[in-house]
2 protein chains.
Amino acid sequence: MPQQPLKRVLVTGGAGYIGSHIVLILLLTRQYKVLSIDNSHNSFPEALKRATEIATEALPADATEQDRDSAVVEAFSGDLRSRENVEKVFAGSPVWGVIHVAALKAVGESSEIPLDYYAVNVGATIQLLQIMAEHGCYNMVYSSSATVYGTPPVVPIPETTPLKAESVYGRTKVMCETILSDVCTSYPDKWRAISLRYFNPAGAHTSGRMGEDPRGKPGNLLPLLSQIAIGKFKDDPLKVFGNDYPTPDGTCVRDYIHILDLARGHLLALEALSDERAPGSKISPDIFPKQGGKFKAYNLGKGRGQSVLSMIEAMRKASGFNYQYEIIGRRVGDVPDLTADPALARKELGFDAPLELDTMCEDLWRWQSMNPDGYGQ
Amino acid sequence: MPQQPLKRVLVTGGAGYIGSHIVLILLLTRQYKVLSIDNSHNSFPEALKRATEIATEALPADATEQDRDSAVVEAFSGDLRSRENVEKVFAGSPVWGVIHVAALKAVGESSEIPLDYYAVNVGATIQLLQIMAEHGCYNMVYSSSATVYGTPPVVPIPETTPLKAESVYGRTKVMCETILSDVCTSYPDKWRAISLRYFNPAGAHTSGRMGEDPRGKPGNLLPLLSQIAIGKFKDDPLKVFGNDYPTPDGTCVRDYIHILDLARGHLLALEALSDERAPGSKISPDIFPKQGGKFKAYNLGKGRGQSVLSMIEAMRKASGFNYQYEIIGRRVGDVPDLTADPALARKELGFDAPLELDTMCEDLWRWQSMNPDGYGQ
Ligand SMILES: NC(=O)c1ccc[n+]([C@@H]2O[C@H](COP(=O)([O-])OP(=O)(O)OC[C@H]3O[C@@H](n4cnc5c(N)ncnc54)[C@H](O)[C@@H]3O)[C@@H](O)[C@H]2O)c1
Ligand SMILES: NC(=O)c1ccc[n+]([C@@H]2O[C@H](COP(=O)([O-])OP(=O)(O)OC[C@H]3O[C@@H](n4cnc5c(N)ncnc54)[C@H](O)[C@@H]3O)[C@@H](O)[C@H]2O)c1
């Protein structure tokens, strides 16, 4: 039986934490030719080399030429703000769809350099959509975030919650969803877009060869905990911001989802955008509204909340490190509980996040101890 | 007494209908060196030539060198989407402030080519703000619109009404206000911005030498009526969309404001952005909130609603033309009544819109009959 030709899919920000795991999961399917564009603002090209290595090692002995090709990511080094850089990626064979992951993502920083956030997250997205349209590429999976909900009135949070971001970063995500929705509404026969609202992606690939390696001190809890466990930040005690929240132990609650589960959600989204369904696919035939644009947003979370203290305990178990922490006052902008209602993605995409907290912490710790300096700058 | 050096102010979209009248009003003050950038997308460079002519003729006999300079607009032909084009404008002596008027502005068209609207209205605005910051220019007056209110819950509409635009065009305006507000909040010691929400600007300069000359068939009622009166669109009868609205005569009500009154509002906004006040100024010393960013939005309207039928009657009186019209069904997206509550601009900026409907229609008619082909392409 002849093989289906590979669908070309571009992952923007493909060298980043989430992007590189999406790339790996795509490579492993052997159904896509994966392209990436990244400017190394918060990542290292090494991540993509590792993804290609892992996928190549996983090839069966009788792998075809095409299989071998599918295991190799075509990595462009470029800035999404540059039309020229992006056009280079589209200059080759037609790209079928884009998983648009690249963004600046630090809530605090976003209020310090708002114009950079608007330029990268919104301006570059508008330009990317224009270039896609110019090249007849009309499918997008967009990396959104639970921050679009601001302080949610109902927890677990359903997708129908009004969007009310409380930071510049969050507002860039709401704007991009709005733009995507408008574009899809204007061209229901062309554009399709799925926005995935990530809760707290964490963990690493099981091999220990890929994981999260942010530049500078991690802003997120789990990479911070794993870096502390290998001996970093000794003079900078771990801080817990507030233990008087209306949560079981008083610390903030977040919904951690294993990075591999999250990455697999993108495979489902790509399938949902296409008219073809894999055999045994659990994706609903009509996820898009009959009237109006083919745009839909889904939460990607596990649907289970974990407090800061329970995460510290889980990382202690995984790493054996005895964390000392200091409880200080609440941090401005922190919301007590951000737990997803994951029902819609389960029902319509067949999405599931089976990997448990312990696995997440063990995988993270394997990555961190095998790569104490991350990708070894 | 030596003259104050001229403040350099850039008007984007300066050749357009509103922009050219703002330019003229600025030139007439002899207090600014006015720059313009426009790509002639919906305008003609002739408008700016006329503004310079009118201002030059108005110079007193003893005008200084600087006075003469202040009557001449420095017009750049360029596209705001091009960083290079915009940088050229900022390459000379420092620009003190920007009146950002350029935009695509047709509600209907905005749902046909949403990406162009987002690119020009939002993308180019983000880039403009970046270039301003790079050149130490932190003052902006922004051209917003009553459409940001969508279908307002209360009429006359106060500025405190939640923003809920119902078109792509309207959403581009809300996004720009949001971005401006964020930028001002992040840099309260640098950035200041005033957003002016225009209701229905209409009429022309009293000289009859400047007015509205949109490319193609006018989308707005008044220029359409004046072009019909000079004999255009004979085979295309005037349509009134709906006469069953909950308004006095059943047709939609809008708040028409004379273009010269509107343009003068921008002088007040510029003054309000600066720390200096003209002698006798009615501008409040502290229009910006004590806490947070120096961003403020004001309605610019007359505060009086006029129905479609009353506008037809007013234009009949001014032009003598006996309009035939056809009443057809409501047009999707039309809101029954958009009348400004003008109290805040009056109180804080000392803004007033004294010119009456009759004057507006007479001025428009003078322009149209003196220039049947507009700026004579
Ligand atoms: N990590 C989280 O907790 C989280 C949660 C919700 C949503 N998200 C979203 O997921 C996406 C990926 O997040 P991540 O955690 O992998 O972050 P990351 O910083 O690891 O990845 C983003 C990647 O984009 C690249 N990039 C940034 N600006 C670029 C530009 N102008 N041109 C080209 N590449 C550029 C960076 O170099 C980086 O590799 C982002 O859109 C983020 O907002 C992340
Ligand atoms: N006319 C109205 O009824 C009305 C009402 C509310 C708000 N506004 C706003 O007022 C502003 C001016 O409106 P107007 O009626 O004068 O429209 P206009 O079309 O006459 O003026 C806009 C000007 O911007 C220029 N322009 C457009 N895209 C450009 C680009 N990429 N680079 C450089 N120049 C560009 C056009 O050539 C034109 O001269 C717009 O922001 C509009 O949204 C207008």
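Trainee: Which residues come nearest to ligand 1?
Mentor: D38(A), N42(A), S43(A), K105(A) and Y169(A) come nearest, out of 29 residues around ligand 1. A residue is near a molecule if one of its heavy atoms lies within 4 Å of it. Keep in mind that this is a predicted model, where local features need pLDDT of at least 70, side-chain atom pairs count only at pLDDT 80 or more, and totals for chains, interfaces and linings use all residues. Residues are numbered from 1 along each chain as its sequence is written, chains are lettered from A and ligands numbered from 1 in the order in which they are written, and side-chain values use heavy atoms, with hydrogens and water left out.

Trainee: What lies 2.7 Å from an oxygen atom of ligand 1 on the side-chain side?
Mentor: An N or O atom in the side chain of S43(A) does, and the side chain of K105(A) also has an N or O atom 2.7 Å from a ligand 1 oxygen. From the backbone, an N or O atom of V101(A) lies 2.7 Å from an oxygen atom of ligand 1. The protein covers 96% of the 810 Å² of accessible area that ligand 1 has on its own (Shrake-Rupley method, 1.4 Å probe).

Trainee: Which element gives the most to that shell around ligand 1?
Mentor: β5(A), with three residues. At least two residues each come from α1 (17-29), β5 (139-145) and α7 (168-186) of chain A. Those labels are DSSP runs numbered from the N terminus: helices are H or I with at least four residues, strands are E with at least two.

Trainee: And how do the residues of the ligand 1 shell divide?
Mentor: Into 12 nonpolar, 12 polar and five charged. Here Ala, Val, Leu, Ile, Met, Phe, Trp, Tyr, Cys and Pro count as nonpolar, Asp, Glu, Lys and Arg as charged, and the others, Gly among them, as polar.

Trainee: Over to ligand 2: which residues are closest there?
Mentor: D38(B), N42(B), S43(B), K105(B) and Y169(B), with 29 residues surrounding ligand 2. A polar side-chain atom of Y169(B) lies 2.5 Å from an oxygen atom of ligand 2, and a polar backbone atom of Y17(B) is 2.9 Å from a ligand 2 oxygen.

Trainee: New topic, how many disulfides are there?
Mentor: Zero, over all chains. A disulfide would be a pair of cysteine sulfur atoms within 2.5 Å. For C137(B), the nearest cysteine sulfur is that of C184(B), 12 Å away.

Trainee: Is C361(B) buried or exposed?
Mentor: Buried, at 0% relative accessibility. The cut-offs are under 20% relative accessible area for buried, over 50% for exposed, and partly exposed in between (1.4 Å probe, protein chains only).

Trainee: Where is D275(A) found?
Mentor: In the loop between α9 (259-273) and β11 (294-300) of chain A. D275(A) is exposed, at a relative accessible area of 65%. The side chains of D275(A) and R192(A) are joined by a polar contact of 2.9 Å (a pair of N or O atoms within 3.5 Å; within protein, one must be able to donate a hydrogen and the other to accept it, and residues adjacent in sequence count only if both atoms are side-chain atoms).

Trainee: Last one: what does chain A average in pLDDT?
Mentor: 96, and 99% of the residues score at least 70. pLDDT is the predictor's confidence in each residue, from 0 to 100. For the complex, the predictor gives an ipTM of 0.96 and a pTM of 0.97.
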